[in-house]
Structure formats: C-alpha cells, structure tokens
Amino acid sequence: MKHIIQQNVSRSNGRRFRHTYLYFGRRRFGFGFSWRQLFSTLLLVLAALVIAGSIGALGAFVWYSRDLPDPNNITQRALAQTTKIYDRTGQVLLYEIHGDQKRTVVELDQISQFAKDATIASEDKDFYKHKGFDVTGIFRAFFKDLLAGGKIQGGSTITQQFIKNSVLTKEKTITRKVKELVLSIEIERKFTKDQILKMYLNEIPYGSVVYGIESASQTYFGKPAKDLTLSESAILAAMIKSPTRLSPLGSHRDELLARAHKIIDTMVGLGTATPEQAGAAKADDVLSRVQPKIEEITAPHFVFYVRELLADKFGEQTLDRGGFKVITTLDAEMQKKAETAVTDNLGTVKEFGASTAALLAVDPKTGEVRAMVGSPDYFDESINGKYNSLFGLRQPGSSIKPMVYAAGFEKGYTPDTVLYD
C-alpha cells in the first residue's frame with residue numbers, strides 16, 4: 001500500500017488555502033486550512049490552557065490552605081528568648097539563661113540600617129517589590145540546579161525563608177514548597193514589608209544556638225544590633241546562607257569574607273552603600289573583632305542560686321524561653337572585692353589544712369545579698385569549685401547559743417540562773 005502526501009495551494013475570495021491530500025492506495029483523503037484559522041485556533045487553545053491552569057492553581061491554593069496556620073496568629077507566637085540576670089543597677093549583665101535558642105527580640109528601629117540593607121542585598125534584592133515570591137528567581141534557581149545536576153541555588157524570598165524557619169518544616173518536598181508559597185502570599189497580604197523584615201531578622205539562625213540579629217551582634221561583636229557597621233553587617237548577612245559552615249569562628253573565614261565583600265558590592269549596585277563606604281568596609285579587618293566563644297558569667301555561685309529560685313517559681317521551660325530581665329540585689333563592685341578577699345587569703349586558709357573558702361555579704365537592714373563567693377574558683381575541678389560552700393552543712397559552733405538561751409528564757413530561766421551540766 002502506498003502512502004503519498006500531495007499539497008496544492010489555491011485562492012478563494014482573496015483567502016489563501018493550503019490543501020493537503022493523503023493517499024492510501026487509490027483512496028484520497030484531504031482537508032484545507034488558512035493560517036488565520038490556525039492562529040485563532042491556537043489562541044483559543046492557549047486561552048483554554050490558561051483558564052484551566054488558573055482554576056487548577058486556585059484549587060491547589062484552596063486545598064493546601066485548609067490545614068495551614070492562620071497568618072494572623074504568627075505575631076502571637078511565643079518565640080524562645082534569653083532570660084538575662086543583672087546586678088542591682090540593671091546595667092551589669094551577670095548571665096544569660098537560654099535553652100536551644102539564644103535570642104533577644106528587637107524592633108526594626110533598633111537594628112542598624114546597614115544590617116537591614118546587607119540582609120536584603122544578600123537574600124532578596126527585590127524584597128520591597130514582589131508580593132511574596134519571585135517568579136524570575138524561582139526559574140533562575142530551577143535552571144541552574146538543572147544544569148548543575150543538583151541543588152546549588154535557592155529561589156526563596158525573605159518572606160518564604162521566614163515561613164520556612166518559623167512555621168513549616170524544612171523538608172524538601174513539592175508539597176511543602178506549595179504550602180510555603182501559599183503562606184507567603186497570605187503573609188504579604190496581612191503585614192507590611194517592614195513588619196515581615198522585623199520578624200525575619202528576629203527569627204533566622206546565625207550558628208549554634210544564636211538566633212536573631214540582636215543575639216548575633218552581641219555574640220560575635222559584643223554590641224547591640226543598632227550599632228553594627230557596614231563591614232559587620234555584611235559578615236552577619238553572609239552567614240545566613242550557611243550559618244555553621246560560614247561561622248566567623250570556623251575554618252572557612254576566607255569564604256565568609258569573600259561573600260561579605262560580594263554583598264557590599266551588591267549594596268553599592270542597589271544604592272544602599274556608597275563606593276567610599278564600600279571601600280572602607282572592605283579594608284576593615286572586621287574578623288579581628290569577632291569575640292571568642294566564651295560563656296560569660298559573673299558571680300557564678302550567686303547566678304545559679306538565683307536561677308534555682310526562678311526555676312522553682314516559674315519552671316525550667318519558662319525560664320529557658322521566657323525572655324525575663326531579672327534585676328537582683330548583687331552589688332557588682334562589692335562582688336569583685338569579695339572575690340579578691342577570698343583568693344588573697346586562700347594561702348592562710350590552706351595553712352590550716354583547708355582547701356577552699358567562701359564569703360557572703362548581706363545588708364543587715366534588708367537581708368539583701370550584696371556579694372556571694374561560694375569557692376575561690378567556680379571552674380576549678382580540683383577543689384570541686386562549682387560546689388557552693390555557703391549552703392553546705394557545718395558545725396554550728398557559737399551560732400547555736402542564741403537558740404539555747406531563747407529556749408531557756410521561754411522556760412523561765414534568767415541570765416543569773418546557774419546550771420550545772
């Protein structure tokens with residue numbers, strides 16, 4: 001059987017037709033069309049596909065929205081915050097109590113403008129333009145991942161990252177991604193851009209147990225977030241991509257610095273930093289100012305005495321997450337003198353065969369503790385330094401006499417009564 005295709009062109013009423021004939025043996029089948037008709041048909045098909053896609057997207061939106069948390073309740077979440085213990089002035093920080101997240105929530109105006117701009121330059125350059133997601137960014141990330149044969153670039157906006165870190169799990173599934181998009185759109189409808197940026201900067205991790213820009217600024221640079229410089233802001237923004245790998249205390253400091261410099265260049269391009277500011281920031285030896293990882297604690301025996309009292313009253317979980325600011329009765333200057341008195345006289349104590357010493361200073365009028373030293377060195381394991389000798393059981397000595405006398409007076413004895421033992 002022969003299959004022959006023959007095409008002829010004819011005109012009718014000024015319209016051009018192409019006739020196609022298909023032969024199966026001796027039988028002929030044919031049909032004709034115009035390019036205008038073809039174009040109209042394609043437009044109808046495209047319109048139908050758009051409508052079907054819109055209905056499908058709306059259906060998916062409704063379906064995935066049914067089990068999602070209410071965006072209105074996001075600001076009502078109880079974020080874990082650090083509890084801080086201060087001296088009597090409220091100015092000297094003795095210790096921070098935290099669980100698995102060390103965080104202090106701050107308002108947006110308490111964050112350096114450099115820190116805000118560096119974060120936007122690093123994570124979402126069009127943050128103030130999009131409505132929760134960036135279509136261009138998603139496709140760009142998709143094709144780069146496709147060419148690389150794996151995931152190398154994220155297409156998430158700041159809004160999406162906030163949703164991922166605060167509301168949803170971090171599983172890499174299509175379902176979670178759709179939920180993330182749906183919630184991002186809802187969040188953008190409910191809150192202003194500044195509100196979203198504030199929530200994001202207080203939420204994101206900066207390595208280890210450090211969460212939020214204020215905690216990161218205090219941990220790495222020993223200053224509040226409102227005082228961060230351009231170079232410091234770029235370092236913290238560079239960490240967001242991979243907080244553990246790009247830690248300023250880790251072994252990839254060159255990579256961290258290179259990324260920070262790239263962020264500074266992006267800021268110049270966006271107009272949020274001048275070339276002069278950028279040059280000075282790049283020349284700044286910012287990593288030399290990063291503080292070593294030390295658990296700061298002043299008056300440790302007193303601090304843990306207070307912590308125990310708080311835990312008994314409020315519970316451990318509330319204490320770890322509550323974000324309390326605790327003002328104590330301790331006099332920081334008197335505490336230093338008490339510690340010096342104990343260590344300076346430790347040699348005399350050892351002459352009498354003792355290995356440790358303690359000191360307690362109390363205001364006799366109020367009973368307030370002004371200084372507490374439970375041992376010469378809290379961190380010295382050889383003397384069991386963490387043990388607070390002030391709470392140990394000791395022979396009462398002469399301190400028992402007032403109790404004996406009081407009991408005698410209650411029984412009718414006088415100071416002149418003679419007793420023979």
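R88, D363, E368 and R370 are joined in a network of salt bridges, a salt bridge being a side-chain nitrogen of Lys or Arg within 4 Å of a carboxyl oxygen of Asp or Glu. Within this group D363 pairs with R370, their closest N and O atoms lying 3.3 Å apart, and both D363 and R370 are buried, where buried stands for under 20% relative accessible area, exposed for over 50%, and partly exposed for what falls in between (1.4 Å probe, protein chains only). The model is a predicted one, in which local features need pLDDT of at least 70 and side-chain atom pairs count only at pLDDT 80 or more, while totals for chains, interfaces and linings use all residues. Residues are numbered from 1 along each chain as its sequence is written, and side-chain values use heavy atoms, with hydrogens and water left out.

A search of the whole structure finds 17 salt bridges. One of them brings together the side chains of E107 and K198, at 3.3 Å from N to O. Because E107 lies in the loop between strand 5 (93-97) and helix 2 (113-123), whereas K198 belongs to helix 6 (residues 193-203), this pair ties together parts that are 91 residues apart in sequence; helices (H or I, at least four residues) and strands (E, at least two) are DSSP runs, numbered from the N terminus. E107 is partly exposed, with a relative accessible area of 42%, and K198, at 24%, also counts as partly exposed.

Another salt bridge joins the side chains of E381 and K386, with 3.2 Å from N to O. Here E381 counts as exposed at 56% relative accessibility, while K386 is partly exposed at 41%.

N384 has a phi near 55 degrees, a positive value in a residue other than glycine, and it is found in the loop between strand 8 (369-373) and helix 15 (401-410), where N384 is partly exposed at 46% relative accessibility. A299 likewise has a positive phi, near 55 degrees, without being a glycine, and it sits in the loop between helix 10 (275-283) and helix 11 (300-314); A299, however, counts as buried, at 2% relative accessibility.

The last stop is S184, which is found in helix 5 (residues 174-190) and is buried, with a relative accessible area of 0%. Leaving aside residues up to four places away in sequence, S184 touches K131, G132, T159, Q160 and I163, a contact being heavy atoms within 4.5 Å.
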